[in-house]
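Please keep the sequence and the model in view while reading.

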Amino acid sequence: MNNVSQSHFDAVIIGAGFGGMYAIFKLRATGMSVRAFEAGTDVGGTWYWNRYPGARCDVESIEYSYSFSEELQQEWSWSERYASQPEILRYAGHVADRFGLREDIRFNQRVLTAEFDPAVNLWTVRTDKGEVATAQFLITAAGCLSVPRMPDIPGRDDFGGNLYHTGAWPHEGVDFTGRRVGVIGTGSSGIQVIPQIAKAAAHCTVFQRTPNFSLAAYNKPMDPDLAREYKQNYATHRAKARHAAAGIASHPTPEKGAFDDSPSEREKLYEIGWNWGNTGFTRIYKDILSNLEANDTMADFVRRKIRDMVKNPDVAAMLTPNDHPIGTKRICLDTDYFETYNRDNVSLVDVRKHPITSISREGIHTDNEAYPLDAIVFATGYDAVTGAILGIDIRVKGRQESLAEKWSAGPRTYLGLMTAGFPNLFFITGPGSPSVLTNMISSIEQHVEWIAECLQYLRSSSVHRMEAQLNSEDAWVTHVNEVADTTLFPRAASWYIGANIPGKPRVFLPYVGGLGRYRARCDEVARRGYEGFSLDETAA
Ligand code: N01
């Protein structure tokens, strides 16, 4: 094979999205040599791949940014309240330039295998381009939502028009002008892309299986006063975010339950929350995500809003979520989503009632109708949280069981950071950590900082090998499930529990205890000399 090279580093990092980029920066700052492998041709991860029209972050831009460099946060200015994908990608590129990160990244290389040799305490990592790297530590930053999922609909590949997935969008963009476009999926991606496609297409047909709760984002140009205030007080805002449940400083920390207020007081607060345009809406009362009756009061408010926005009452009824408590599937943030169904060139098909049976050369077929189309957009989501990790054949030399085999009944980690039996392997925002339930950048920073400090500790104490103890892993998995069971989250058939992938084990993937509480636990474990981990001083 051409250009095959083998080299040794202190750490290999898989992925150069926001997690991988910060890991490169942080580990290098502690004097470690690093090599990152990235499947894309540049940095940005999620924001590199998700180039669909309308892609935008659902955390306010002022909070969705790194906090590790005062200079960086002072010099960068966001142009909108919620940043668009192109702007976030420019930010990622700016960070890479500013800190010279690209020199340690091999782009266009997908890691295929990683094997740990306990005799020498080294991981050997191989890529699809034949590159081989060895390192004492392996850090996965492969992304929680980076393996797009295309449902296996019979005849899909016979379609005569163009097929797209929101999570693997063509770099050159797509012109839908005058075309008949079908969109499958009404999660966060579908809800963002549908209004944009409807504006350009001759006709947009939405194939909806489950209606979703979505809030109007009220996106607007960045308020210069807010930007100024943040820049003056970043230290305070960031400190608050670090200890907040969702890693977002502006989210409320409610003390009242929904029934501590009268119906009219609740209605007033919901109206204020609605006009705020922020996912913190579900934190207006402390029991929205744990008490079904409390949840119903908020869900009903949003259902009424949907009925107000959608003119055709039959379409409004189809768009009204009715199978899960509000907030138990990721709540969406939209621009003109529900209003889009008032357009003459948009139609909605209920594929729960009339399932998609096949795709032909001409278009999509349900059990009662054929829909001729020129393009189909799959907004059908991801093999979330574990997909990217398990896409790599990870194993330990001399041991039968690969990581995929160990996790065949669902992922098992201690603190979401390590898994027993796989030494010196760390996960950034892995299963069992708050990750996707938070501002990802807050969670990424917490993990990278914890890991960097841990690696320094290992080096200074001449520890060559670290791994999670089985009993601490078991206890953590139990704790993650117990905490999830105190909430309404398990009531939704969501990707949080793997319900979107046929055959995927139903395990609650993220930790719902909140970033602040989780951070305190991780810090306590470190303070106690990495309690629950085995530290081996035997040099190889
Ligand atoms: O994916 P999803 P997503 N036939 O899995 C439907 C983040 N994100 O890409 O609910 C018909 O949520 C499926 O239906 P159902 C965010 O964390 C953030 O939209 O399974 N329909 C559902 O409607 C988000 O949660 C941002 O019944 C099928 C949809 O496809 C996560 O990414 C923007 C189907 C998939 O929804 C994933 O969001 C975008 C089938 N065979 C994404 N298979 C922001 O920051 C699936 N569906 C704003």
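**Domains and ligand shell**

In this predicted model, the C-alpha centres of domain 1 and domain 2 lie 30 Å apart. Domain 1 covers 6-147 + 384-536 and domain 2 covers 180-220 + 242-377, with bounds that come from an automatic or database domain assignment. Residues are numbered from 1 along each chain as its sequence is written. Local features need pLDDT of at least 70 and side-chain atom pairs count only at pLDDT 80 or more, whereas totals for chains, interfaces and linings use all residues, and side-chain values use heavy atoms, with hydrogens and water left out.

**Between the domains**
- Contact, meaning heavy atoms within 4.5 Å, links 32 residues of domain 1 with 37 residues of domain 2.
- The two domains bury about 2,800 Å² between them, 49% of it on carbon and sulfur atoms, where buried area is the accessible area (1.4 Å probe) that two parts lose on being put together, summed over both.
- D58, R81 and L488 supply 24% of the area that domain 1 buries against domain 2, more than any other three residues.

**Around the ligand**
- The ligand is surrounded by 24 residues, each with a heavy atom within 4 Å of it, and the closest are T186, S189, R209, T210 and K329.
- Domain 1 and domain 2 each contribute at least three residues to this shell.
- Helix α5 (residues 188-200), a DSSP run of H or I with at least four residues, gives the largest share of the shell, three residues.

- A backbone N or O atom lies 2.9 Å from a ligand oxygen atom in the case of T186, and 3.1 Å from one in the case of D58.
- In R209, a side-chain N or O atom is 2.9 Å from an oxygen atom of the ligand.

Key: Polar contact = N/O pair within 3.5 Å; in protein donor to acceptor, adjacent residues only side chain to side chain. Helix = DSSP H or I, 4+ residues; strand = E, 2+ residues; numbered from the N terminus.
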